[in-house]
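Let's take a walk through a protein together, starting with the whole chain and then zooming in on one piece of it.

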Amino acid sequence: MTRKIRLIDIAKETGVSVAAVSKILGNNNCTSIGVRPDKAELIRKTAAKYNYIPNIHARALVGQSSKLIGILVDSCQPPVISRLLAELERHIALRGYRVVIAEAHENIEILYENYKVLKQHGVDGIIFMSHDYVGQTARFRELFDGENNIVYQGIPHLDKPYACVNVDFSNGIASAVNYLRQGVRERIGLFLTASPCIVTIGSRIDGYNSAISEERRIIINLAGQIGTLKESAAKAIDEVIIPKKVDALIMQNDLQALMMLGLLAERGIRVPEDIAIIGHDNEPFAEYSRPELSTIDQVTETVAGELVKLLLEVIGLQEELKENRIININPQLICRQST
């Protein structure tokens, strides 16, 4: 096996000090240590010849940037989060950084252990995408309150100042309701399958309630349902949607909207003639369903760009936040044949 090249090896071959090699390969200004441009170029060519790989830990110890960004994410997130991860990686790479991802599923304790590992590996900052777990809010606050160089996706349950990029689900649902009402839909329902204690679900309910008077609200929430989701949804159609003459439904996500299209068709209920359907997340298959599915787009490219931009700003502060820094982003309603 070829021996790993070291800074001292490059220094000996180029006839300069180890400190000079370290400064040049660390992308710092070589003029401050008296290295001529031709000598600096020789150092870079020698490093390339031997495929020199900088020691990230050593760079962190001397206060240099590791050029690494950590991401904490739930391992069982919906497809829209995978698309957001891809956009994050692209935006991070454009700024000269690389990504390290750590995962856990609905377990804030394991996510915290992964957070410590990322810190041990010298990441410059962390984007925290999964932190809103039912029954774990107090522990999350205990572990992460006051931690620096973190930007959250969504509003976190923290007491001390934090930075986050928040998709305004409330605005998205309210916009969908108003659009449906313009199309003379009178009995508009909201179909959910998760606890309202989750911030993003609670936000959707708030948006729906803000746009519809109390006596006209029809919220179907199958959280904790017994049996399969398809069985529970079919029961909801027979016991709620048909009896209450629901003429429009806003679904929790596009996959559930696709399921609803099939269940309604089995009962001879036409979309959009009898009932309009709006999904959520703008999954790629939405425009290929029959009818093409209207949906609410989480604008992942915009969210990713703002997350990276805000994190680099927070890293640059080099001090604790004095107040919350919240960037709100409105989702986009995509209107297709199902409405």
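This is a predicted model: local features need pLDDT of at least 70, side-chain atom pairs count only at pLDDT 80 or more; totals for chains, interfaces and linings use all residues.

Residues are numbered from 1 along each chain as its sequence is written, and side-chain values use heavy atoms, leaving out hydrogens and water.

The protein chain has 12 helices and 12 strands; these are DSSP runs numbered from the N terminus, with at least four residues (H or I) for a helix and at least two (E) for a strand. Its radius of gyration, taken over C-alpha atoms, is 26 Å, well over the 20 Å that the globule rule (2.2 Å times the number of residues to the power 0.38) gives for 339 residues, so the chain is more spread out than a compact globule. Along its principal axes, the C-alpha trace spans about 85 × 40 × 40 Å.

What share of the 339 residues is buried? It's 47%, where buried means under 20% relative accessible area with a 1.4 Å probe, counting protein chains only.

Now zoom in on helix H8, which covers residues 169-182. Its 14 residues reach 20 Å from first C-alpha to last, close to the 20 Å expected at 1.5 Å a residue (that is, 1.5 Å times one less than the number of residues). Phe169, Gly172, Ile173, Ala174, Ala176, Val177 and Leu180 are buried in H8. An α-helix has 3.6 residues a turn, so residues three or four places apart point the same way. Just after H8, Val184 takes a positive phi of about 65°.

Note on methods: Buried means under 20% relative accessible area, exposed over 50%, partly exposed in between (1.4 Å probe, protein chains only).
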